Amino acid sequence: MITVVIPTYNHGSYIVSCLEAVVRINLPGRRIIIIDDGSVDNTLQEVNSFVSKFPEHLIEVICKKNSGLVSSLNMGLEKSDSEFIYMV
C-alpha cells in the first residue's frame, strides 16, 4: 500500500494535471492525501471538482490555515498509515 501526499497552495492552474497523473498510479490500496495550505485561488474548487468526478479513488482532502510546505508535509506523514509514502 502507498500513500501519495500532495501539499498545495495556490496551485489551481495545474493541480488537476497533478491529480490526473497520480490516479494513473495503479497500485492496490493506493491512497491520495491532498493538503490545501490555505489557498486563496481556485485550488480547492478544482480539487473538490476532481474528487467528485472520480469517487472510486481513495482521495482525502484536508484544508488548513496557511502555515507552509513543511507543515503540510508533516501533516501528510501524520495522516498516512501505509508502508510507503510518496510526496509530490
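Two strands are said to pair if DSSP finds at least two bridges between them, and strands and helices are themselves DSSP runs, numbered from the N terminus (E, at least two residues, for strands; H or I, at least four, for helices). The structure is a predicted model, in which local features need pLDDT of at least 70 and side-chain atom pairs count only at pLDDT 80 or more, while totals for chains, interfaces and linings use all residues. Residues are numbered from 1 along each chain as its sequence is written, and side-chain values use heavy atoms, with hydrogens and water left out.

Strand β2 (residues 31-36) and strand β3 (residues 59-63) run parallel and are joined by 5 bridges, with Ile-33 standing opposite Glu-60 of β3. Between β2 and β3 the chain passes through helix α2 (residues 43-53), making a right-handed β-α-β crossover; right-handed here says that, with the strands pointing away from the viewer, the path from the first strand over the helix to the second runs clockwise.

The cysteines come next. A disulfide is a pair of cysteine sulfur atoms within 2.5 Å, and a search of the whole structure finds 0 of them.
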